[in-house]
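Morning, everyone. I have one structure to walk you through today. Please have a look at it first.

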Amino acid sequence: MASSKQNNNPRASKRIDYSSNPCYFAAIFDRFYNMRSNMELCDVTLKVGNVTFAAHRLILAGNSPYIRNIFASENSGTLQQEIALPSIFREDTVRLILDYFYSGNLVINTDNCEELLSLASLLQIQEIVEELQEFVISNLQASNCLRFQSLAHKLKLTNFKAKIDRFVDWNFKSLLKEPDFLAMSAEHLVEVIGSENIRVKREETVYEAVYRWFRQDPNGRASKAERVFREIHFEQIPSKYLTKEIVPNLCEKYNICVDRVKEVLDQHASGNNTHKTQTSKSDFARKPQDVIYVISCRTNLVERFDSVTCACVRCHEMTGPAGTVESLSENRYAVVVGHELYCVCSSKVDKFNLLELCWTEVGEGVDVRDSGVCAGKDCIFVVGGRQKGESAYEFNLETQEWTDLPNMSNSRRSPGVTFLSSKLYVIGGHSPDGALASIERYDTKQEKWTSLKSMNFPRFLLRACAIDGLVYVVGGRNNERSLDTIEVFDPKAKSWTILNEKMQDSRNDFGLVTRDNQIFCIGGRGAKSIECFDVVAKQWKNVGSTGENHFSMSCVFYLPF
């Protein structure tokens, strides 16, 4: 027998891996696309109305869990040859989705996004549903928000709808001008006006809007009118308006809400209107809209003041989903301009996206360490600071660009700043020689600085605000200790007044916000209390306590979440 020689050489081999090569998959899908175009090996059709589209079962099942479940439920040997889609969808919309299945490309626009969202939701194409939601939110307007709100409710897209709900609440007065408002169903209208977060200063605005809606088709809407008008907060409407407008035009003419309006009028007459005090104190007819947010300058921590517990609690929507407090690489300062919330730091300016509940970068930043930061008219001012104590900058919210303003005459760290009648007031601060009592004012129209009469006491790490044409300077620190005093500057008289009423706690490096005639002072070095000063009654009262943030903070009034 002949002996065989064993071959010890390794077998030649080569591994081919195109799994990370997008061109490989693109080429395959190009072939599938061409096969469908040529009606090659197509084994199923999609039907909408009287139109059919040839396709491949494998491609449809791979893209749509909805269709995959249809195929999976078939009995062996009886494969379904046709899938009928609801006739509400247009031929062009189905073609777009089918082309996406074969190419991975889909062009979304304001004309097709509504129907595409409905079809993508039905077919459970999650990645497209998410892209469409993002597109809609970025293009939400008063003219389309009600349609998308209704669609989100119908499709049970909870988070998507919550974002639109916030937009509708925020822009309620704007959408009243739109045809979609008058075309709403009674059920949809009840949901909209039933929200306590509608931004209206007078409940009469809500009533007048609903009355216009009802008058659009009084006969057709009569059966549901009582239910709709029940959502009106009649108790927040003055008796004179109830008597002259609502009683004759609603109650007597249409016999709607007769008992409810009579009950409210009786309450007004007896002085038992529990909402009377509240509406006179609030900027809005519904429940008070804005709450105090305490935003740390040095960490990502954000808290809000809970009026029930009278304490600051963590705001997870702004702190971040992880919930852990982390030090920031750069100091930041928050301000509200108009109704928008911004944060400024050395690297960027962020704007809070109310719909997405996240921060969005809108511009470059400037150094805000030891600076005074405040809101102007459609702008943000940053003055003084650790790096350039005499500098001043203005961020234009429309152009989203910074402008260098003329330098101040004094170098200042940690000054108080406020804006009043087109003028920026920069008060006190710290210089190489110690605490300052001097004050400078920048006229935004004349674009120049003017030195004004100094305060009675030098101070830095103070806070300033403007109410009813007067500038209030609160707390701070001199060269020795924290202060508990208030000084008031009258720009017309060009004079300072020291108020006899002092804070209960001395404080510096604290937070300050104002609402109506009230000044809220929050925390500070060595202080954990929250005090409120009524400038009319000239009284201080303790209204609560801080949470985790005690000092180095910026405080704003902003929407509750």
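A definition to start: rings of Phe, Tyr and Trp (its six-membered ring) pair if their centres lie within 6.5 Å; planes under 30 degrees apart count as stacked, over 60 as edge-to-face and the rest as tilted. By that rule, Tyr207, Tyr211, Phe214, Phe229, Tyr241 and Tyr254 are linked by ring pairs into a cluster.

Some ground rules. This is a predicted model: local features need pLDDT of at least 70, side-chain atom pairs count only at pLDDT 80 or more, and totals for chains, interfaces and linings use all residues. Residues are numbered from 1 along each chain as its sequence is written, and side-chain values use heavy atoms, with hydrogens and water left out.

Back to the rings. The structure holds 17 aromatic pairs. Take Phe214 and Phe229: they are edge-to-face, 5.9 Å centre to centre, with 80 degrees between the planes. Phe214 sits in helix α12 (residues 203-216) and Phe229 in helix α13 (residues 218-229), 15 residues apart. Helices here are DSSP runs of H or I, at least four residues; strands are runs of E, at least two; both are numbered from the N terminus.

Buried means under 20% relative accessible area, exposed over 50%, partly exposed in between, using a 1.4 Å probe and protein chains only.

For Cys315, the nearest cysteine sulfur is that of Cys312, 11 Å away. Cys315 is buried, with a relative accessible area of 1%. For Cys521, the nearest is the sulfur of Cys465, at 7.8 Å. Cys521 is buried too, at 0%.

Now the strands. Two strands pair if DSSP finds at least two bridges between them. Strand β23 (residues 486-490) has four of its five residues buried. Strand β22 (residues 470-474) runs antiparallel to β23, joined by four bridges. There, Val471 has Phe489 of β23 as its bridge partner. On to strand β24 (residues 495-498): four bridges join it to β23, again antiparallel. Glu487 is bridged to Ile498 in β24. β23 and β24 form a hairpin with four residues between them. In that turn, Lys494 has a positive phi of about 55 degrees.

That's my tour. Questions, please.

Definitions and conventions
Disulfide = S-S within 2.5 Å.
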